[in-house]
Amino acid sequence: MSRIGKKPIDIPKGVEVSIAPDNTVSVKGPKGQLSYKFHPNVSITKNENQIIVERKFEDSFSRAVHGTTRALLNNMVKGVTEGFTEELEIVGIGYRAAVKGNNLELTLGYSHPVIYPIPKDVQITVEGNTNIKITGIDKQRVGQVAAEIRSFKEPDPYKGKGIRYKGEVIKLKAGKTVGKK
């Protein structure tokens, strides 16, 4: 049995969970509301203050979906109570970011600024021109937005310039003059 899948999910106070017969789960909390339709191979039940996920079949696909469903449900409950945050940092001379209206404007050494429209379900703030903070209630959406912003200028393997996740370590390559004497 899945070690992750068999753990019950505690429902904090102030969070409402509703489960439809077609495995659509809606979670409503202080930060917002999320809903998701899960695979029919798992059954989702709600006790007084816990959500329990069980699989209906014992094939390999059902075992895989069991743990994934539990993890997604846990992320939904955590998202509507605490929210998720992803931080990016910009490294490079002249590289900077700014929020202008509903757009994130990035200056990354190109001949033009890169304009990224901020999605409605995500908040983006810039601290000190080089630190981008992305927050939201949907973990997958926050991660996707962070990956899209990072893809505009991925870190250079020789100098390390570009957009990276906060705390990400870039292994720098040696230049071509290292081997010559």
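The side chains of glutamate 58 and arginine 55 meet in a salt bridge, with 3.3 Å from N to O; a salt bridge here is a side-chain nitrogen of Lys or Arg within 4 Å of a carboxyl oxygen of Asp or Glu. The model is predicted, and local features need pLDDT of at least 70, while side-chain atom pairs count only at pLDDT 80 or more and totals for chains, interfaces and linings use all residues. Residues are numbered from 1 along each chain as its sequence is written, and side-chain values use heavy atoms, with hydrogens and water left out.

**Salt bridges**

- The structure holds 5 salt bridges, and the background is that side chains of opposite charge can pair when their charged atoms come close.
- Glutamate 87 is partly exposed, with a relative accessible area of 28%, while lysine 166 is exposed, with 53%.
- Lysine 100 forms a salt bridge with glutamate 105, where the closest N and O atoms are 3.5 Å apart, and glutamate 105 counts as partly exposed at 22% relative accessibility.

**Aromatic pairs**

- The count comes to 2 aromatic pairs, under a rule by which rings of Phe, Tyr and Trp (its six-membered ring) pair if their centres lie within 6.5 Å, with planes under 30 degrees apart counted as stacked, over 60 as edge-to-face and the rest as tilted.
- One of them joins tyrosine 116 and phenylalanine 152 in an edge-to-face arrangement, with 5.9 Å centre to centre and 65 degrees between the planes.
- The two residues of this pair lie 36 residues apart, tyrosine 116 in strand β10 (residues 114-117) and phenylalanine 152 in the loop between α2 (139-150) and β13.
- Tyrosine 116 is buried, with a relative accessible area of 8%, whereas phenylalanine 152 counts as partly exposed at 26%.

**Domains and their interface**

- The protein is divided into domain 1 (4-82) and domain 2 (84-165), with bounds that come from an automatic or database domain assignment.
- The C-alpha centres of domain 1 and domain 2 lie 31 Å apart, and 8 residues of domain 1 are in contact with 4 residues of domain 2, where contact means heavy atoms within 4.5 Å.
- The area buried between the two domains is about 500 Å², of which carbon and sulfur atoms give 70%; buried area is the accessible area (1.4 Å probe) that two parts lose on being put together, summed over both.
- Leu34, Asn75 and Gly79 supply 63% of the area that domain 1 buries against domain 2, more than any other three residues.
- Across the interface of domain 1 and domain 2 the rule finds 0 salt bridges.

Note on methods. Buried means under 20% relative accessible area, exposed over 50%, partly exposed in between (1.4 Å probe, protein chains only). Helices (H or I, at least four residues) and strands (E, at least two) are DSSP runs, numbered from the N terminus.
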